[in-house]
Structures are given as structure tokens and as C-alpha cells.
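Subject: Structure for your review

Dear colleague,

Please find the structure below, together with its sequence.

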Amino acid sequence: LKLKPFNRSVTDPCLMGGRQSLSEVRPGGSLTEMEVEEPSVQLPDAAAEADAATSTTLATSAAPDREPTPGEDAVTFSRSIVKFYHDTDEALWERMVLKLEAFAAQCISGLPESSDALVEAVQQIRGVAAGKSSHLSALRKAMEAFEETGLCQLQGLRDAFAFLARLTRDLPRHFPEGILMLVSGREGQLFLTRRQCAALLAAGFFGALPTPEAQAQGCEGSSPLDLPRFDFTFVLDADKTKMMCILCYFLQIATLDEKFLDQKVSFARVLQRPLDHDFWDTLDLPLSPVVIQEGCIEDSAGNLQADFANEYLGGGVLHGGNVQEEIRFSICPECLVGMLFCEKMEYNEAIVICGTRQFSCYTGYGGSFRFSGLHQAPGNPGNPGNPDAFGRVGPHIVAFDALVFPGDAQYSQPYILRELLKTSAACQGDPAEAQATKDGPGDRQGFATGNWGCGVFGGDPQLKALIQWLAASAAERKLVFFPFGDPRVADLPAHVERLQKSGARCSDLYRLLQGHLPGQVFKEIANLSLRQASAEPPAKKKCDSALQLGLKET
């Protein structure tokens, strides 16, 4: 996984000229929706139940937040779509369909007779587009492990693979109008059914989608897209743990009922308008409550759940990475679908994924990450709860990328403003939240997060905890913080309590963030004494060199 250092200059738009009220910086206006009704298709009896018709809903903002690049037509800019072989290479697609139908028929009839024969059949299907297929060693090992542990026997694998083959064969029916890309600089929200998500993942498994390079070409007349690599080759060949997670998902999704498959999963790109120094320095809002919890972010029900993302959604999940984002996408494979159509995130963007389900349990982290069995959702995976107004059941995951290797510069105002902007984008949450829940600001979901950008990215967890608290407060969300046992943030509860008892406001916390030394944020804040709040509104206060905080000289 290549990590690009943050080298944006202080003239970055995110650090200049902002809005002065939350109502101005949060996106407003109604969403436009387009319903695509799929045609009714008569299928063979063996496939009819699994492949019932589905629908796609797309919601986009009325106007793009960036202009098309020079030479890029405005219409094609907004109409970049995912490429399918049935649109781009009909002859190849016909050969692929013949292979898929023959494979599904064999599985239904009790063939192939071994897991090795199943793998060889998958190799042949993948070879239709690739010309040749690799050994799929990780797939072999995953299937052997499932059989040895009793998680699944050969017939269960046959049934699941037949289901996947039929889903892939019917891609034209599942996506008659294609799928619009969620391009950088433009807000949009895409709704898919679980069946459609499964179809895209099955297509990736069988190599039945054009290559990432082809997907990145965009439409005729548009500039190339900067997309994650949605390619299963590495996982199939070399990553047994992730292959077990994906195989666990396939085995379950093939047995779940139509009601479950009709549930929706949404993907949204959200943009945050610029928030400059003056905005934060005059933000007269109370600091939100903070709850410190042990455990995992994915267990924080009812809250926005942070995905410590790479700027390319999914990071190294399909290419060897095993940290927070990669693990989340492995145990919740429906998240992987977003890698197909979500372009790289810009400095003021986040991606919100709503309605995915966890299908696998795991242990470890990084090099110790291991699959540990099927995940048992409340009730059972097929009946996890009541859908919201948009047909979604499941958590709201928000992907947002931190500065990469910021070094000592992370304590400077431009970098603090960048991280506040990025976290504020994340704290917007689901664009459809207000419509789905009818809640007011006081009833908004909390923001469940932790040591964002503080592992390989090199962020200071003390500084990042306070930045996230400030952004959550500005969005009127409770902060639910998971320290993951990191001793560097062990004193966070004491500092939160001190600031809350002092009556500090958002503007006060912003001033406290400035100019610290590495690893000394909490210690230096403890040496500050907040002066008694003036009766003047914050906008009328002067910000002197000591930031009105009685900064102790050292």
C-alpha cells in the first residue's frame, strides 16, 4: 500500500475563506432521486428465487462542487458509470455467460466432486477475460479450512457457487441503467439492494468485470478517474484470512431470504465547505458529551462508526493491508462494493456507507488478524432489525482519511484546520439521516471513533482525540471514544472532565489545540487555566497572543 505524504500548501482552499455559521457549511437542499425499475425476467426454476428483480436508487446534488476539468464535457463528467463487459465487449460476455451457466448447472447436479475441482472451474471462468488465471491458492486453503472445521461441506460450497454464478450471469438484469460513479468533488448517494451488492462481489470473484484500469478511463470526453483497485486477484491467491471472510459472506448470503436480499445499502460522498480560523475561533457552541468505551467501534450500535480510511476507499483490503479499515471491509464485505465506484477522497470529503452487515468474526490486528467464525447478528443475520425509511438495516460507517506522516507540522494551525475540516465532513453523516429518522439535531447519532490516523499514518492520538471532539461538538454529536488500550490517551477522561467543568466552549477548545510539542498535548493543556468567560459573545472577543487562556510561559 503506497502512502502519499500530505504536501498541500497553506494556500489550500480548506485553509482559506470560510463560512460563519453551521447552517451555511452543512449541505442543504433536497435530493433528486431517480428510480430504475428493472424489467421482469423469466428465469429457470433453479435460479428464479435467488434472482428476483431489484431496484437501484440514485440521489445526487443539484450541482457539482467542482467544475469539469478543461476539455471535460459537463454531461459526461456527471455521468461516469461503472463498466460492464455486457456493454463493452459482447463477444467476451457471451463466452463468460456460457461458462457461468455450465458451472451453475454442474454445481446443482452434484458436480464438481471435490473442492479442488470447484477451484479449477473458477479458474476457467476467470480465464475468460484474463486469458489465464492464477492458482487461487488462498481460495483452496480457505475452502479446505471450512471443510476441516465443519463450517461448510462440499455441497454447501456447490450451492453457494451456483448462486454466485447466476448472480454474475444476470448482471445486465440487475443493472439495466448501469451504476453512476461517485466522483470526487460532487456530492451524491447511491442505493443498492443486498442482492445487487452480492452480484458485484460475485462478479469480482469470477473476474467478470473490466479491469481497474478500464474502469478508471471514465466516459468518452471525461478525464481519467482516480479509483481504488477493485480486484480480487491478490486475495484469491495469497490472503487466506480475507478469503475466509469473503467465503463466509458468500456462504451466508446464498441462503438468506428474499426479504433480506431486498434490503438496501447506501454509499454517499459528502463534502464540507471551507471552515477557516475565524469560524472555529468564534464558534459559541457547548462541547458535546464524551463517552469512553472499551471494545470495538463496530460494536457501537446507534452511532456513526468511524472508518480510519485511506484516501482510496478500502485502503489495502484487497492488496495485503490488515489494519482498521481493511479489517472492517473484510468482515463486512458489502463495504468492498464502494471501491468500484467511489473515486479518491479529497481533503474536504468523506464517504458514508449505511446498511452493511457483519458476516465474520475475527481476532487480532495487523499481522495477527485471523478469521474466527460466523458472526451472529442480533436474532440472526437474516432478521437483524427493522429497515429505516430507505430500506436499510445496519450501521452507518463513515470513511475519512487522516494526514499521512504529518510530523511536527500536525501541531500547526493549517494542519489542525485540515483535520478539523475532514472530521467535520465525517460528522455530517448520512445525507438522508434527517429524512430517515425525522430526528432533530439533539437526537443525532453519536460519533464513535478512536485513534484516527495514529498508527502507520503517524498522528498524535492526544491531538486527534481533541480535534475529533471539537468537530463532533460543532456537529452537535456526542463523542464515543474507543482508546484501544493506547496509554497515550489514558488521561483523556480527566482532561475532558476538566474542560467540561470549566464551561469551555468550542472556540476555547480550538484555541487550546494550537502550538504543542509531540506527545505533550495533554501535559501542556493541563498547564493552562481558562479565564472566566466574558459576558461578551465570542465573536466580539479579542484573540490576544496568549489566546485568552493564561498560557504559562516556559
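This is a predicted model: local features need pLDDT of at least 70, side-chain atom pairs count only at pLDDT 80 or more; totals for chains, interfaces and linings use all residues.

**Helix α5 and its packing**

Helix α5 spans residues 90-108, 19 residues in total, and reaches 27 Å from its first C-alpha to its last, close to the 27 Å expected at 1.5 Å a residue. Its buried residues are Leu92, Trp93, Met96, Val97, Leu100, Phe103, Ala104 and Cys107. Seen down the axis of α5, these residues fall within an arc of 135°, so they line one face of the helix. An α-helix has 3.6 residues a turn, so residues three or four places apart point the same way.

**Backbone features in the loops**

Most residues other than glycine have a negative phi, and most peptide bonds are trans. Against that background, the following sites may be of interest to you.

- After α5 comes glycine 110, with a positive phi near 95°.
- Leucine 111 and proline 112 are joined by a cis peptide bond, with omega about -10°; proline 112 is placed in the loop between α5 and α6.
- Leucine 136 is a residue other than glycine with a positive phi, near 55°. Leucine 136 lies in the loop between α6 and α7 (137-149) and is buried, at a relative accessible area of 1%.
- Phenylalanine 405, also a residue other than glycine, has a positive phi near 50°. Its loop runs between β10 (396-401) and α17 (413-428). With a relative accessibility of 44%, phenylalanine 405 counts as partly exposed, because that class lies between the limits of 20% for buried and 50% for exposed.

**Cavities**

A search of the whole structure finds two cavities of 30 Å³ or more. The second largest cavity holds about 40 Å³ of space. Its lining consists of Pro212, Gln215, Leu227, Pro228, Phe230, Met339 and Leu340. Of these lining residues, six are nonpolar, one is polar and none is charged.

With kind regards

Notes:
Residues are numbered from 1 along each chain as its sequence is written. Side-chain values use heavy atoms; hydrogens and water are left out. On a 1 Å grid over the protein atoms alone, a cavity is a set of points where a 1.4 Å probe fits but cannot get out, and a pocket is an open set with protein on both sides within 12 Å along at least five of seven lines; lining residues have an atom within 4 Å of a point. Grid points are joined across faces, edges and corners, and a volume is the space filled by probe spheres set on the points. Ala, Val, Leu, Ile, Met, Phe, Trp, Tyr, Cys and Pro count as nonpolar, Asp, Glu, Lys and Arg as charged, and the others, Gly among them, as polar. Helices (H or I, at least four residues) and strands (E, at least two) are DSSP runs, numbered from the N terminus. The expected span of a helix is 1.5 Å times one less than its number of residues. Buried means under 20% relative accessible area, exposed over 50%, partly exposed in between (1.4 Å probe, protein chains only). The arc is that of the directions from the helix axis to the C-beta atoms.
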